[in-house]
Amino acid sequence: MKVAAIDKFENIIESSDLVSRDLSWVKFNERVFDQSKKQSRSVLEKLKFLAITASNLDEFFMIRIGSLYNYLDYDKERVDYSGLREEPFKMKLLLECQAFHKRQQEHFVKNLLPEMHSSGFILSNVKNLEPEEREYIKAYFNKAVYPMLTPMVFDGYRTFPILMNKLLIFGVVTLAPGDKKENRKLSFVQIPANIPRFFEVEREDLVVYIPIEEVIRENLISLFRNVNIESVNLFRITRNGDFTLEESEDMDANFLEEVKRKLNERKTGRVVRIEIEEGYSKWMVSLLKERWNIQDDSIFKVEKASMLDFNGLWQIVGNKRFKDKMPYIPNPVPPISYPQEGTDDVFQVLKGRDILLHHPYNNIDPILDLIEKASDDPNVMAIKMTIYRLAKDSRITKALLRAAENGKHVSVLFEVKARFDEENNIREAKKLQKAGCFVIYGISNLKTHTKLMLIVRRDENRVTRFVHLGSGNYNEDTARLYTDIGLLTTDETLANDVSEFFNVITGHSMPTTYQNLITAPRDMRNQLIAFIEQEAENARNGLASGIVIKVNSLEDSEIIYALYRASQSGVPVKLIIRGICCLRPGRMGLSENIEVISIVGEFLEHSRIYHFHNNGETRTYAGSADMMVRSFDKRLESLFRVQDPLLEKQLINILAYNLRDNVNSYKMIEDGSYERKVPQDDEDEFNVHKEFFNVKIEEVMKVKLF
């Protein structure tokens, strides 16, 4: 690529008022990668964050790069927020990804490999093992690995084999004795996903990890007898996994079949990336590039001293032998609004007050206890839920099955389009359907991302509705790792709103308004813009104003320009955006009053909180929605207002703590880059992922943002 072309790209990108969604995502993954470089972390923690960046990058190529190729392959026009058209944007994006990939490799080789021995483990190849260990590996290969391998030759008599997404693959170039070079053949040997990534050799004070590809490489000749092996090339492909489900009239049959068909298509989607070990056969790569219609910028080279696919590092990180080398996470503390958690009947508690849960600092058990008690309580008449993702061995599913067996009405909206959880959700939904639950498989072409639960209970001739509204999934596994907000309440206004919303989801109802619920795709964007514009009006009139919002992603241009206008009116705007942020903060004449930070650390920030100062008459909402086009237009989402004084103060305190953080926090610069915040000379460290375990009610009640 010519220097002039690159400079032209940069000038176009810099002149745009908006930051590219995809380029912003690359910056986010760099912040995750930065966690792997923190000297305060153990090598196992560093490997964990490196593995996360690899998994993130896989999904990015499958979905975002895959989506870009949908435009390129079918000659569809697309102009990115950066101002670049399809082909120049692909060039810029892949250039950024190549640079990031190189930094990953260098960090692994130069920094992480040398640290391993002192932590009780090393990576090795077969040649460096003791003779008896090599014999042990030879026996393992012959018994457990060799029968699993299938060499697949491609030549004039056999079709090109289907190579699977994200598997390690050997491309073996062979030549029969006496044959000319033009008669060489290419064979593929895929390493099945159910073979462990590393073979482990336990020594007294050391665990030796031998990558499975090295075990196979050492014995590969057993698959190619009586031919000459010209080259052995280890590579991995990533396929386009982006698809859009079309609206289906028959939701119970055709729709599910469409989901299953699209899942199968993922296995044969167009190739968008090749990762390959250095020293590869140029003849083989030329053949693959032509077959898959990709260019050199989609070929990612891996150093011989490094390894392909850092996802495999999870096997090392998860070894129980090293459990004491991972950071200690304190046990959850009781919620401020429910200090006697677990000691009283949660049904009786909720009749007297609302409970705000902040996970993982507060346990998810009050939610699980509520639904489990509801499933057995003879006074409970109905349970309604939306489900986006579940734990593999879910207590939620078990409770709902028991509720159905006990004769209660159970309605569940299972979102079968939850990316990469489709198969699990279909399986769990069918279990419930067979048990007699009323199951809805998504709503036409919308994803149901809202997190709602409604329990209807009759008690002494009175019906009480118990409601849970949240920002996170009903997943007890991720609740220990994701920061989320959940509200448990019997408030009649919210109960009416949620009941109405369930009628929209399960039937054909179109309510005119909600009292304390903002929903998408109908009202959310316009309502949030109205709140932003009210702050701008207050500022112009000399009244107190201010906006603090915490979400995962900010991408919607209408919201961004509303925030720009508020900034120009004098409204102080503070945004806590973990991932993608397409807004430029601090640009002269555009966004001088807007600050953006990102919190990336031990827990994954997942809660969404919207706070508007409104001249002291505060509006504070939480819920499932980010500020993205898909959230406003293509998903069923909800934000719920929190008005209870203590609970609203809790949400405000969460925002205030995030703004104080100087350990996990990164400040966004006007050009789209980020700088890590560090404690100043007169400051102590303030780590939100520790401080939230120690929050006191007295501190919460005194908190102020403006």
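## A buried aromatic pair

Tyrosine 361 and phenylalanine 693 are both buried. This is a predicted model. The two ring centres lie 5.0 Å apart and the planes meet at 80°, so tyrosine 361 and phenylalanine 693 form an edge-to-face pair.

The pair joins distant parts of the chain, 332 residues apart. Tyrosine 361 lies in the loop between β10 (355-359) and α11 (365-376). Phenylalanine 693 lies in the loop between α19 (688-691) and α20 (697-701).

Tyr361 and Phe693 belong to a cluster linked by ring pairs, along with Phe603, Tyr657, Phe686 and Phe692. Elsewhere, the charged end of arginine 78 sits over the ring of tyrosine 71, at 5.8 Å from the centre.

The structure holds 26 aromatic pairs. One of them joins tyrosine 136 and phenylalanine 199, with centres 5.6 Å apart and planes at 70°, so this pair is edge-to-face. Tyrosine 136 is in helix α5 (residues 131-145) and phenylalanine 199 is in strand β5 (residues 198-202), so the contact ties together parts 63 residues apart in sequence.

Tyrosine 136 counts as exposed, at 55% relative accessibility. Phenylalanine 199 counts as buried, at 8%.

## Helices α2 and α4

The axes of α2 (residues 21-35) and α4 (residues 86-115) come within 10 Å and cross at roughly 5°. The two helices are therefore roughly parallel. Residues of α2 in the contact include Leu23, Val26 and Phe33; those of α4 include Phe89, Leu93 and Phe100. By class, the contact has seven nonpolar, three polar and five charged residues.

Key: Residues are numbered from 1 along each chain as its sequence is written. This is a predicted model: local features need pLDDT of at least 70, side-chain atom pairs count only at pLDDT 80 or more; totals for chains, interfaces and linings use all residues. Side-chain values use heavy atoms; hydrogens and water are left out. Axes are lines fitted to C-alpha atoms, for helices over the stretch in contact, and angles run from 0 to 180 degrees between N-to-C directions. Helices (H or I, at least four residues) and strands (E, at least two) are DSSP runs, numbered from the N terminus. Angles under 35 degrees count as roughly parallel, over 145 as roughly antiparallel, 65 to 115 as roughly perpendicular and the rest as oblique. Contact means heavy atoms within 4.5 Å. Ala, Val, Leu, Ile, Met, Phe, Trp, Tyr, Cys and Pro count as nonpolar, Asp, Glu, Lys and Arg as charged, and the others, Gly among them, as polar. Rings of Phe, Tyr and Trp (its six-membered ring) pair if their centres lie within 6.5 Å; planes under 30 degrees apart count as stacked, over 60 as edge-to-face and the rest as tilted. Buried means under 20% relative accessible area, exposed over 50%, partly exposed in between (1.4 Å probe, protein chains only). A charge sits over a ring if NZ of Lys or CZ of Arg is within 6 Å of the ring centre and within 35 degrees of the ring normal.
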